[in-house]
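Welcome! Here is a short tour for anyone meeting this structure for the first time. Take a look at the sequence and the model, then read on.

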Amino acid sequence: DEKSEINREIQEIYNLQSYQDNPFKCVYSHLHDIIPLLVYTWSTANKTQFPKDSQIVALLLFIHSRGKGLLKLIRTGEEKTLIVGIVAAFFALCGQAVDVVSSNRDLAIEREQKCRLFFELLKLESGHICSEND
């Protein structure tokens with residue numbers, strides 16, 4: 001079963017002594033395993049929605065911009081949720097706290113719900129802080 005395989009693979013990463021010593025360094029030294037796992041997990045959680053080439057390039061740009069900052073324009077219809085979700089998971093796996101901000105309350109709630117299973121499969125927590133009065 002796909003979910004069991006993902007669970008096994010992510011647990012193997014979490015169990016690595018190098019991950020426990022320095023998650024950031026471990027994740028970057030295992031990019032060849034981590035990126036395919038993130039993409040596979042996304043497509044499993046989201047019913048075979050597989051990233052397009054442009055989305056993978058955006059993902060790689062974000063990953064390799066660490067410490068430099070990056071502002072990227074992602075146009076309407078280019079599936080920002082996929083890119084942001086995978087990038088957020090990547091940096092969370094690196095041991096960093098990740099906050100995603102949206103000016104649209106309803107969209108923020110909807111997109112967090114879309115990413116929730118993806119994050120759960122990776123044993124990451126997610127949530128939103130939108131209130132009913134926003």
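Are Trp-42 and Phe-118 buried or exposed? Both Trp-42 and Phe-118 are buried, where buried means under 20% relative accessible area, exposed over 50% and partly exposed in between, with a 1.4 Å probe and protein chains only.

## About the model

This is a predicted model, in which local features need pLDDT of at least 70 and side-chain atom pairs count only at pLDDT 80 or more, while totals for chains, interfaces and linings use all residues. Residues are numbered from 1 along each chain as its sequence is written, and side-chain values use heavy atoms, leaving out hydrogens and water.

## Aromatic pairs

Six aromatic pairs are present in the structure. Rings of Phe, Tyr and Trp (its six-membered ring) pair if their centres lie within 6.5 Å; planes under 30 degrees apart count as stacked, over 60 as edge-to-face and the rest as tilted. Phe-24 and Tyr-28 form a tilted pair, because their ring centres are 4.8 Å apart and their planes meet at 40°. Both lie in helix H3 (residues 23-29), four residues apart, about one turn of the helix. Helices (H or I, at least four residues) are DSSP runs, and strands (E, at least two) are too, numbered from the N terminus. Phe-24 is partly exposed, at 25% relative accessibility, whereas Tyr-28 is buried, with a relative accessible area of 13%.

Now back to Trp-42 and Phe-118: their ring centres are 5.1 Å apart and their planes are at 70°, so this pair is edge-to-face. Trp-42 belongs to helix H4 (residues 31-45) and Phe-118 to helix H7 (residues 105-121), so the pair ties together parts that are 76 residues apart in sequence. Elsewhere, ring pairs join Phe-24, Tyr-28, Phe-90 and Phe-91 into a cluster.

## The nonpolar core

A nonpolar core is a set of buried Ala, Val, Leu, Ile, Met, Phe, Trp, Tyr and Cys residues joined through side-chain atoms within 4.5 Å. The largest one has 37 residues, and Leu-38, Phe-90, Leu-93 and Phe-118 have the most contacts inside it. At least two residues of this core come from each of helix H1 (2-15), H3, H4, helix H5 (53-64), helix H6 (80-93) and H7. H6 gives the most, with nine residues.

Phe-90 touches several partners: leaving aside its neighbours within four places in sequence, it is in contact with Val-27, Tyr-28, Leu-31, Ile-34, Leu-38 and Ile-63. Contact here means heavy atoms within 4.5 Å.

## Helix H4

Of the 15 residues of H4, 11 are buried, so this helix is largely enclosed by the rest of the structure. The cover over its buried residues includes H1, H3, H5, H6 and H7. One of the residues in H4 is Thr-41, which counts as buried at 0% relative accessibility. Apart from neighbours within four places in sequence, Thr-41 is in contact with Ile-6, Phe-118, Leu-121 and Leu-122. After H4 comes Lys-47, whose phi is positive, near 50°.

## Glu-112

Where is Glu-112 found? Glu-112 is in helix H7, and it is buried, with a relative accessible area of 8%. Its side chain makes a polar contact with the side chain of Arg-116 (2.6 Å). A polar contact is a pair of N or O atoms within 3.5 Å; within protein, one must be able to donate a hydrogen and the other to accept it, and residues adjacent in sequence count only if both atoms are side-chain atoms. Setting aside neighbours within four places in sequence, Glu-112 is also in contact with Ser-126, Gly-127 and His-128.
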